[in-house]
Amino acid sequence: MTATVVRASGLTKRYGSFTAVDGVDFALEENRIYGLLGRNGAGKTTIMQLLTGQLFPNAGELEVFGRTPAEHADVLRRLCFIAESQRYPEDFHAQHVFKAAPWFFENWDASFAERLIADFRLPLKRPIKKLSRGQLSAVGVIVGLASRAPLTFFDEPYLGLDAVARHIFYDRLLEDYAEYPRTIVLSTHLIDEVANLLEHIILIDQGRILLDRDAEEVRGSATTVAGARAVVEEFIGTRPVIGRESLGGLASVTIDGRLDQAERVRAAQLGLELAPVSLQQLIVHLTGTDLAGTAEQEAAA
Amino acid sequence: MTAVATATAEPEAQMTSTRFRPHEILRIARLHTVNPSIFFGVPWMILGFAWLISVVIAAIITGAGAPSDQVQEGMRYSWAVLSPQWYLVAVGVQAIAFTFSFALGFGATRRDYWLGTSAMFVLVAVEMAVAIATLVQLEKLTDGWWIGAGMFDTLWYGQQGWWFDFYSTFALELAVLFIGAGATTVYMRWRMRGMLTLLIGAIVLIVGCVAITTFAGWWPQVVSWFAAIGLVGVFSLLLAFAVVAAVAGYLVIRRATPR
């Protein structure tokens, strides 16, 4: 039986007339890797700031390790959240961050941090202000990994990281997670990069949750059917379509829902190609539907 | 469901057993000293530079033929000894504007952050007060660093003994640090709107007091009151102001949010 680490219901955060998080309900289970996905400005960082007690919600209920997170030392000591736009004390160098970290994270592993610093080739004696975007991301990634906090947040960890560094993050995270299981929440809009890491997906758009499902389920939940346009249209019939592209007599249509064995055989007999949909494609379909929806309505009217 | 229930009960027990944890407050003070140049290095650099200039000026004037005792008398009005105060206002501001956001990211509570930061302010104020009060005595002992230069034995310093110099510097340092930090908590909680309200409120209050005193013709009473409380009284008022700013800052920061 797994424990629930976070439980939010009707969680709302408003800035004046703008609602950044609009009455969301979700729960995070212990020792899983969550992807908090969504477009820029969807409310990802705001949700993480609420969960870590940095912001105060306007409405709704929130429990992290059984309590409201804000101002509860016993909750906060189990969290680690280095925001994408994290501010550091004036004139801080990266080495100062790692020097102070063990005072705040009881599970801090200094040798692991050192290894990561070498892996990412992070210059320790350079002022944080002078670091590149990728190096800044590396600071957050190293703190997040080496802190081994029971609930760790990574806010856009891939921002500015080069291909090698992204790969290092991916490997080290999985390695360390296997050895020291914990709950990890990873926010990003670069979905394909992290798709294989995630066990559970929470997709948000304009402050609302569009999807809260197991990652495996999400991956298999849509299929792209490609072939001659007439044949494709006939095959998909009345299934819900989430994406449609066509070129001349050919069409490629993405449908919501999985196909059973008989349907697959039939598709093969009709000469249609079936392809799995990447998480990124699916999410683009889901978060882009607003536009498509209004366009269709306009056409209908 | 049972797992959730135990997870809820356990921290509850921890909370009540050890509510006051000095370690969690002291680590904030340590956080401020990770990079010691901010609280210790730069103020002393400023003071050292001001001292150097004072000595050079004294050397030039004396070298030009002015009598050394008159030079020392003239330099009584030098404000060089106060030069680090302006920087310390900025330190108070930055402690909240930058370090606060960082400490929250590292899982500190606002309460512990403010208490730890206050401890750091007291430490810095004591350190500066001891050093300046002692330097005043040294300057008197060496008769102005052997060339009649006056930097520390100026203004109100060097007239009522070491303890008074200590007390006045302590009150002043604490006031500048807490005013800087306290005003910044207002920004962190209510942003620009809060800052403008605070600023306009302070201006209205000061102008209002001046106007009332002027129209009621109370200035002679005010002057004699200040004369009655003396310098010790004035610095005690300043210290009281620092304490008010510290308490207000605590109340404001409890709901402040990082940028």
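This is a predicted model: local features need pLDDT of at least 70, side-chain atom pairs count only at pLDDT 80 or more; totals for chains, interfaces and linings use all residues.
Let's start with chain B. How many helices and strands does chain B have? It has 9 helices and 0 strands. Now the overall spread of the chain. The radius of gyration of chain B is 23 Å. For 259 residues the globule rule gives 18 Å, and 23 Å is well over that, so chain B is more spread out than a compact globule. Along the principal axes, the C-alpha atoms of chain B fill a box of roughly 90 × 50 × 30 Å. Buried residues account for 36% of the 259 residues in this chain.

What about contacts inside chain B? Take those between residues at least 6 apart in sequence. Of these, 83% join residues at least 24 apart.

Now the record. In an unreviewed entry, UniProt annotates "transmembrane region" on chain B. The annotation covers residues 38-66, 86-106, 113-136, 166-188, 195-219 and 225-253. I'll pick out two of these spans. Residues 113-136 of chain B are 100% helix and 0% strand, with end C-alpha atoms 34 Å apart. Residues 225-253 of chain B are also 100% helix and 0% strand. Here the end C-alpha atoms are 35 Å apart.

One residue in chain B deserves a stop: B:W146. B:W146 sits in helix α7, residues 144-148 of chain B. Its phi is positive, about 65°, and it is not a glycine. Keep the background in mind: most residues other than glycine have a negative phi. Is B:W146 buried or exposed? B:W146 has 8 other C-beta atoms within 10 Å. The cut-off for exposed is 12 or fewer. So B:W146 counts as exposed.

On to chain A. The UniProt record, again an unreviewed entry, places "domain: ABC transporter" on residues 6-231 of chain A. That stretch is 35% helix and 30% strand. The end C-alpha atoms of residues 6-231 are 47 Å apart.

Domain 1 of chain A puts 12 residues into the contact, and domain 2 of chain A puts in 8. Which elements of chain A give two or more residues to the domain 1 side? They are α7 (191-194), β8 (200-205), β9 (208-214) and α8 (215-219) of chain A. By class, that side of domain 1 has 7 nonpolar, 1 polar and 4 charged residues.

Look next at helix α1 of chain A, residues 44-51. It is mostly covered, with 8 of its 8 residues buried. The buried set includes A:K44 at one end of the list and A:L51 at the other, with A:I47, A:M48 and A:Q49 among the rest. Just after α1(A) comes A:G53, with a positive phi of about 70°.

Chain A also has a non-glycine residue with positive phi. A:R148 has phi near 50°. A:R148 lies in the loop between α5 (133-147) and β6 (151-155) of chain A. A:R148 has 19 C-beta neighbours inside 10 Å. Buried takes 20 or more. So A:R148 counts as partly exposed.

Now put the chains together. 34 residues of chain B are in contact with 32 residues of chain A. On the chain B side, the elements giving two or more residues are α1 (2-17), α2 (22-33), α3 (37-63), α5 (83-105) and α6 (110-141). That side of chain B has 14 nonpolar, 11 polar and 9 charged residues.

Last, the largest nonpolar core. This core has 143 residues. Which members touch the most other members? They are A:Y34, A:I142, B:A103, B:L174, B:L177 and B:F178. Helix α8 of chain B, residues 162-215, gives the largest share, 13 residues. From chain A, domain 1 (4-218) and domain 2 (221-300) each supply at least three residues to this core.

Zoom in on B:L174. Leaving out residues up to four places away in sequence, B:L174 touches B:F121, B:V122, B:A125, B:L239 and B:A242.

Key
Residues are numbered from 1 along each chain as its sequence is written. Chains are lettered from A and ligands numbered from 1 in the order in which they are written. Two residues are in contact if their C-beta atoms, placed from the backbone, lie within 7 Å. Helices (H or I, at least four residues) and strands (E, at least two) are DSSP runs, numbered from the N terminus. Ala, Val, Leu, Ile, Met, Phe, Trp, Tyr, Cys and Pro count as nonpolar, Asp, Glu, Lys and Arg as charged, and the others, Gly among them, as polar. A nonpolar core is a set of buried Ala, Val, Leu, Ile, Met, Phe, Trp, Tyr and Cys residues joined through C-beta atoms within 7 Å. Domain bounds come from an automatic or database domain assignment. UniProt positions are given in the numbering used here, feature names are shortened, and annotations may be inferred rather than shown by experiment. The radius of gyration is taken over C-alpha atoms; the globule rule is 2.2 Å times the number of residues to the power 0.38.
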